[in-house]
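Keep the 3D view open and follow along as the parts are pointed out.

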Amino acid sequence: MVIEVCVVLLILAALIVGQARALSRCRFWCQSCGTLFSLPWTKLLFRQHVNDEWRLTCPHCGCKGWCPARRPRKKEDGR
Ligand SMILES: [Zn+2]
């Protein structure tokens with residue numbers, strides 16, 4: 001039973017790290033100063049988010065706020 005719990009935890013950890021690594025390829029837009037910035041995946045772990053808006057601290061102006069993520073792929077058409 002302990003092994004099963006460990007396996008589930010490992011899968012969850014892999015999913016969380018995988019999501020953070022995918023996000024590190026995105027860029028975030030600071031709504032205070034208008035800078036597009038990216039963050040290393042280690043800084044994207046356990047961040048609050050609503051849809052594509054992430055609660056981050058802007059490295060440019062130091063403002064803490066909701067930053068919309070810009071995906072690297074051009075798949076924004078169709079909406
Ligand atoms: Zn900023």
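## Overall size

The radius of gyration used here is taken over C-alpha atoms, and the globule rule is 2.2 Å times the number of residues to the power 0.38. A compact globule of 79 residues would come out near 12 Å, but the protein chain has 15 Å. Along its principal axes, the C-alpha trace spans about 50 × 35 × 20 Å.

A word on the ground rules: this is a predicted model, where local features need pLDDT of at least 70, side-chain atom pairs count only at pLDDT 80 or more, and totals for chains, interfaces and linings use all residues. Residues are numbered from 1 along each chain as its sequence is written.

## The parts list

The protein chain has one helix and five strands. Helices (H or I, at least four residues) and strands (E, at least two) are DSSP runs, numbered from the N terminus. Reading from the N terminus on, the order is α-β-β-β-β-β.

## The helix

Helix H1 covers residues 2-23, which makes 22 residues, and reaches 32 Å from its first C-alpha to its last. That is close to the 32 Å expected at 1.5 Å a residue, where the expected span is 1.5 Å times one less than the number of residues.

How many of the 22 residues in H1 are buried? The count is one, so H1 is hardly covered. Here a residue is buried if 20 or more other C-beta atoms lie within 10 Å of its own, exposed if 12 or fewer, and partly exposed in between, with C-beta atoms placed from the backbone. Gln19 sits in helix H1 and counts as partly exposed, with 14 C-beta neighbours inside 10 Å. Gln19 and Trp41 are 22 residues apart in sequence, and their C-alpha atoms are 8.7 Å apart in space.

## The sheet

Now for the strands. Five of them form an open sheet in the order S2-S1-S5-S4-S3, with antiparallel pairing. The edge strands are S2 (36-37) and S3, each of which pairs on one side only. Two strands count as paired if DSSP finds at least two bridges between them.

Strand S1 (residues 27-29) and S5 are antiparallel and share two bridges, with Arg27 partnered by Arg70 in S5. Five bridges join S4 to strand S5 (residues 64-70), again antiparallel. Along that pair, Trp54 stands opposite Cys67, and Leu56 has Gly65 as its bridge partner. Strand S3 (residues 49-50) is joined by two bridges to antiparallel strand S4 (residues 53-57), where Val50 is partnered by Glu53.

## Turns and loops

Most residues other than glycine have a negative phi. Which residues have a positive phi near 55° in a residue other than glycine? One of them is Phe46, and this residue lies in the loop between S2 and S3. Phe46 is exposed, with 7 other C-beta atoms within 10 Å.

Asn51 also isn't a glycine, yet has a positive phi of about 55°. Its place is in the loop between S3 and S4, a hairpin with two residues between the strands. With 7 C-beta neighbours inside 10 Å, Asn51 counts as exposed. The hairpin of S4 and S5 has six residues between the strands, and there Gly62 takes a positive phi near 75°.

## The core and its contacts

Buried residues make up 10% of the 79 residues in the protein chain. In soluble globular proteins, nonpolar side chains tend to be buried together. A nonpolar core, as used here, is a set of buried Ala, Val, Leu, Ile, Met, Phe, Trp, Tyr and Cys residues joined through C-beta atoms within 7 Å. The largest one has eight residues: Leu23, Phe28, Cys30, Leu39, Leu44, Leu56, Cys58 and Cys67.

Two residues are in contact if their C-beta atoms, placed from the backbone, lie within 7 Å. Which residues does Leu56 touch, not counting residues up to four places away in sequence? They are Phe28, Leu39, Arg47 and Cys67. Across the protein chain, residues 24 or more positions apart account for 49% of the contacts with a separation of 6 or more.
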